[in-house]
Amino acid sequence: ASRKVHIQFGYLINGFRDKTYYWELVILYRKILFACVSVFLFTLERVVQALIIFAIILLSLYIQDKKQPFVSKSLNEME
């Protein structure tokens, strides 16, 4: 990314590889999905909600393992 982009959005993209500069948005969408499950699927039983959240987590872990968005191995493992 260009120097100007790094100056403006460095706090969002520092720590990510250049090809995965957008990963902070992926994390944000995952959090929004968690909230949506709680808010919009409140009529479902808690167990069903928990299973949906669990599926989102598993999918997120799988995608992150394939993409390896962070610059360091330890950051990829911590997320």
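Colleague: Is Ser60 buried or exposed?

Modeller: This is a predicted model, where local features need pLDDT of at least 70, side-chain atom pairs count only at pLDDT 80 or more, and totals for chains, interfaces and linings use all residues. Residues are numbered from 1 along each chain as its sequence is written, and side-chain values use heavy atoms, without hydrogens and water. The cut-off for buried is under 20% relative accessible area, with a 1.4 Å probe and protein chains only. Ser60 has a relative accessible area of 18%, so Ser60 is buried.

Colleague: Which elements give two or more residues to the lining of the largest pocket?

Modeller: A pocket is an open set of points on a 1 Å grid over the protein atoms alone, where a 1.4 Å probe fits, with protein on both sides within 12 Å along at least five of seven lines; lining residues have an atom within 4 Å of a point. The lining includes Trp23, Tyr29, Ile56 and Ser60. The elements are α2 (23-40) and α3 (46-67).

Colleague: Which residues does Asn76 contact, leaving aside neighbours within four places in sequence?

Modeller: Asn76 is in helix α4, residues 73-78. Asn76 counts as buried because its relative accessibility is 11%. Contact means heavy atoms within 4.5 Å. With those neighbours left aside, the partners of Asn76 are Gln64, Gln68, Pro69 and Phe70.

Note on methods
Helices (H or I, at least four residues) and strands (E, at least two) are DSSP runs, numbered from the N terminus. Buried means under 20% relative accessible area, exposed over 50%, partly exposed in between (1.4 Å probe, protein chains only).
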